[in-house]
Amino acid sequence: MPEQKRKANLAKKKVPMPEQEPRVRARNFEEVAMGYTREQALEEARRCLRCKEPHCVEGCPVNVQIPDFIKFIEEEKFLEAYKKIKETNSLPAVCGRVCPQENQCEKLCLRGKKSEPVAIGRLERFVADYAASLPPAEVGEECLSGSLNKGKVAVIGSGPSGVTCAGDLTKMGYRVTMFEAFHTPGGVLMYGIPEFRLPKDVVQREIDNVKKLGVDVQTNMVIGKILSIDELFEQGYNAVYIGTGAGLPIFLRLPGENLNGVMSANEFLTRVNLMKAYKFPEYDTPVKIGRRVAVVGGGNVAMDAARSALRLGAEKVYIVYRRSEQEMPARREEVHHAREEGIEFKLLTNPVTIIGDDNGWVKGMECVEMELGEPDASGRRRPVVKQGSEHVIDVETVIMALGTTPNPLIAKTTGGLELTRFGGIVADETTGRTKRPGVFAGGDIVTGSATVILAMGAGKKAAVAINEHIRGKHE
Amino acid sequence: MNKIIRKTPLAPSVNLIEVENPLIARKAQPGQFIILRVHENGERIPLTISDYNREKGTITLIFQEIGKTTTMLGRLGEGDCIRDLVGPLGKPTDLENLGRVVVIGGGLGTALVFSQVKEMHKNGTRVDVIVGARNESLIILEEEIKPYCENLYIATDDGSKGHKGFVTDLLKKLIEDGNKYDRAVAVGPLIMMKVVSNLTRQYGVPTTVSMNPIMIDGTGMCGGCRLSVGGETRFACVDGPEFDGHLVDFDQVIKRTGMYREQEKIALDLYRECCKRGEHNA
């Protein structure tokens with residue numbers, strides 16, 4: 001369509017996303033947000049101003065050419081839009097659903113200055129779901145396995161970082177093997193993020209796509225145990241990328257933390273998401289949730305755990321967070337969704353003791369109220385205990401969602417790596433290079449727990465650096 | 001991968017299977033374990049590696065049919081494959097400078113100490129073994145272990161073989177008869193390991209026990225296998241599975257192990273129902 005005739009949609013608000021009713025969705029595991037229809041996508045796409053110097057792209061860790069793909073949507077060339085995104089982003093259906101757009105692309109959108117920014121995430125999701133609805137031949141994802149002769153790369157971990165790195169390297173012509181410790185690839189996308197926020201068949205589809213490209217996926221392989229990094233090099237791999245994430249749960253070391261009914265969010269979510277405990281006994285893995293549940297923490301994982309507990313039948317679910325809502329690291333949309341579903345927020349509240357019954361099960365959690373003092377090293381105001389504010393919340397289940405630390409398994413068994421104070425691997429931010437030649441690392445294992453898209457960005461940068469490393473070595 | 005090449009019943013509902021997995025066989029060491037899944041909708045359970053053959057590329061697992069997963073595993077025969085097998089996980093047993101050792105295996109625990117006793121023997125460690133079980137029919141691997149130990153003693157609850165009573169009675173007698181042990185290794189039911197640890201504490205014999213708590217990933221990620229050791233929280237999957245028996249809070253572990261007893265029963269009962277109707281894979 002000729003540029004001068006284009007009439008932008010000047011509506012102040014984003015086209016709303018259809019969602020399941022809060023009361024209904026709080027009792028099922030179906031996806032909450034249902035996605036734009038074709039008409040809604042066209043309408044929202046017209047809100048893009050097509051800036052000459054688009055800032056949104058700068059806000060995207062993997063550099064999706066946002067105005068270009070939105071333009072394709074407006075022209076109803078949805079497949080072209082998909083291909084445009086896929087040039088730089090190997091997981092659009094995932095990113096469209098779980099990226100914190102409000103802090104990235106949409107934060108820098110010009111429309112956001114005076115009204116709501118363009119719903120870039122929702123449009124990305126629309127395009128990805130459109131492509132998934134087509135017969136694969138029509139989408140034309142290429143299979144490159146015939147021409148992968150530039151070298152062999154081992155990618156450890158099949159989460160967002162590993163998948164991105166593996167996909168990009170395959171497109172460059174490398175033969176990539178991706179190793180996964182669990183029986184199913186996908187990492188945190190599979191075990192961590194619940195079905196109602198990121199359906200597992202969406203993740204499966206993205207994994208299938210990298211397999212189709214020619215990536216060899218090997219499950220049940222705990223690298224560091226079954227094979228060391230040295231052995232991978234002995235097997236002829238020219239480079240190794242470590243994208244093993246930050247998987248170790250943090251506990252508060254509170255009295256009573258080992259009582260029955262206290263779980264890490266990792267354990268709870270793995271049972272529910274990966275092992276499908278919400279379908280017990282159709283699936284063999286059980287999960288036990290009390291009538292009243294407290295989730296300690298204020299991030300996305302805490303919201304996911306709280307909302308999952310509700311869906312498993314809990315009558316009352318509390319989020320217990322020691323700061324105020326402003327400091328909560330969770331996406332605003334998730335906090336909003338949780339509230340709508342009936343999760344109760346106990347803000348400025350901190351647990352001190354978990355109380356057990358005679359049989360070793362949780363029956364309550366003693367908490368104190370907090371006040372915010374001066375900002376601490378993290379820039380957030382430091383919570384201080386209010387004297388005499390001790391009180392007990394009656395709960396039968398406590399889920400600790402306090403963040404995670406890097407898994408030291410590989411670092412411990414690999415010589416020549418430098419480690420951070422938190423047990424992560426020291427790697428160059430722009431290349432993923434570690435202290436050891438040929439070994440690259442990225443994602444949460446380097447940064448500590450962060451976001452899907454940052455992990456993908458790291459995988460992307462490392463793929464470029466690995467290519468340079470191998471080329472420099474062999475040509 | 002994971003093909004069962006040998007299956008031998010050892011006792012009622014106790015089976016030995018030898019499984020092909022050259023990668024795990026190449027790395028396995030005494031004291032380590034694997035996690036397996038029998039079918040697509042199955043749960044992940046840990047089992048100790050009781051033996052391995054690096055040349056053949058096989059590992060040996062010995063298990064008792066208790067819940068749904070182990071019952072289904074027991075239904076697999078030679079030529080069948082185990083769906084998922086991951087390992088070797090956990091820290092290997094520390095076999096350095098052990099001096100004189102007494103190894104106590106209770107019930108299925110005997111299978112788990114087998115590779116340790118073999119390895120100790122290879123290192124020239126003098127080992128006495130005490131094997132305990134409810135009755136004679138549940139005594140396993142007696143002949144297999146014998147060549148690797150100096151003395152083998154048997155205790156059965158009902159006296160159908162060896163000493164009538166508990167392994168701790170035998171252990172106490174051995175110590176009081178003047179046997180000087182530098183270390184005790186106890187593997188078996190939690191209550192047995194607790195009682196052994198309480199006894200050896202009195203005599204000042206350092207004691208290693210092997211924990212097998214509820215576990216999902218086995219790599220330190222879920223924290224489900226945590227236990228208190230000397231007042232500190234430790235994860236059995238990465239810090240263990242072996243710990244100082246004098247420091248483990250056994251009462252807590254015993255409670256944690258029962259966390260899903262109700263659900264385990266539901267799953268097993270349903271499975272048995274399905275089997276009766278001829279739907280073996282349900």
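Colleague: Which residue of E8(B) does B:Gly105 stand opposite?
Modeller: In this predicted model, strand E7 (residues 100-106) of chain B is joined to strand E8 (residues 126-133) of chain B by 7 bridges, and the two strands run parallel. Within this pairing, B:Arg100 has B:Arg126 as its bridge partner. For B:Gly105, the residue opposite in E8(B) is B:Val131.

Colleague: Which strands of chain B are the edge strands of the open sheet?
Modeller: The sheet has 7 strands with mixed pairing, in the order E10-E9-E8-E7-E11-E12-E15. An edge strand pairs on one side only. In chain B these are strand E10 (163-164) and strand E15 (242-244).

Colleague: What area do chain B and chain A bury between them?
Modeller: The size of an interface is often given as the accessible area lost when the parts come together. Here 44 residues of chain B are in contact with 45 residues of chain A. In chain B, B:Met221, B:Arg226 and B:Tyr260 lose the most area to chain A, together 18% of what that side buries. Of the area buried between the chains, 54% is on carbon and sulfur atoms, and the value is about 3,700 Å².

Colleague: How far apart are the closest N and O atoms in the salt bridge of B:Lys27 with A:Glu231?
Modeller: The rule finds 5 salt bridges across the interface of chain B and chain A. The nitrogen must lie within 4 Å of a carboxyl oxygen. For B:Lys27 and A:Glu231 the closest N and O atoms are separated by 2.6 Å.

Colleague: Which element supplies the largest share of the side of chain B that touches chain A?
Modeller: Across this interface there are 21 residue pairs in polar contact. Several elements of chain B each supply at least two residues of the side that touches chain A, among them helix H1 (22-27), strand E6 (84-89) and helix H9 (261-276). The largest share is 6 residues, and it comes from E6(B).

Colleague: Why does A:Ala81 count as buried?
Modeller: A:Ala81 lies in helix H4 (residues 78-86) of chain A. Beyond four places in sequence, A:Ala81 touches A:Phe69, A:Phe72, A:Ile73 and A:Val127. A:Ala81 counts as buried because its relative accessibility is 0%.

Colleague: Which backbone oxygen does the side chain of A:Lys276 reach?
Modeller: A:Lys276 is found in the loop between helix H12 (265-274) and strand E7 (292-296) of chain A. With a relative accessible area of 15%, A:Lys276 is buried. At 3.3 Å, its side chain reaches the backbone oxygen of A:Asn273.

Key. Residues numbered from 1 in each chain as written. Chains lettered and ligands numbered in written order. Predicted model: local features only at pLDDT ≥ 70, side-chain atom pairs only at ≥ 80, totals over all residues. Heavy atoms only, no water. Pairing = 2+ DSSP bridges. Helix = DSSP H or I, 4+ residues; strand = E, 2+ residues; numbered from the N terminus. Contact = heavy atoms within 4.5 Å. Buried area = accessible area lost by both parts, 1.4 Å probe. Salt bridge = Lys/Arg side-chain N within 4 Å of Asp/Glu carboxyl O. Polar contact = N/O pair within 3.5 Å; in protein donor to acceptor, adjacent residues only side chain to side chain. Buried < 20%, exposed > 50% of the residue type's maximum accessible area, 1.4 Å probe, protein only.
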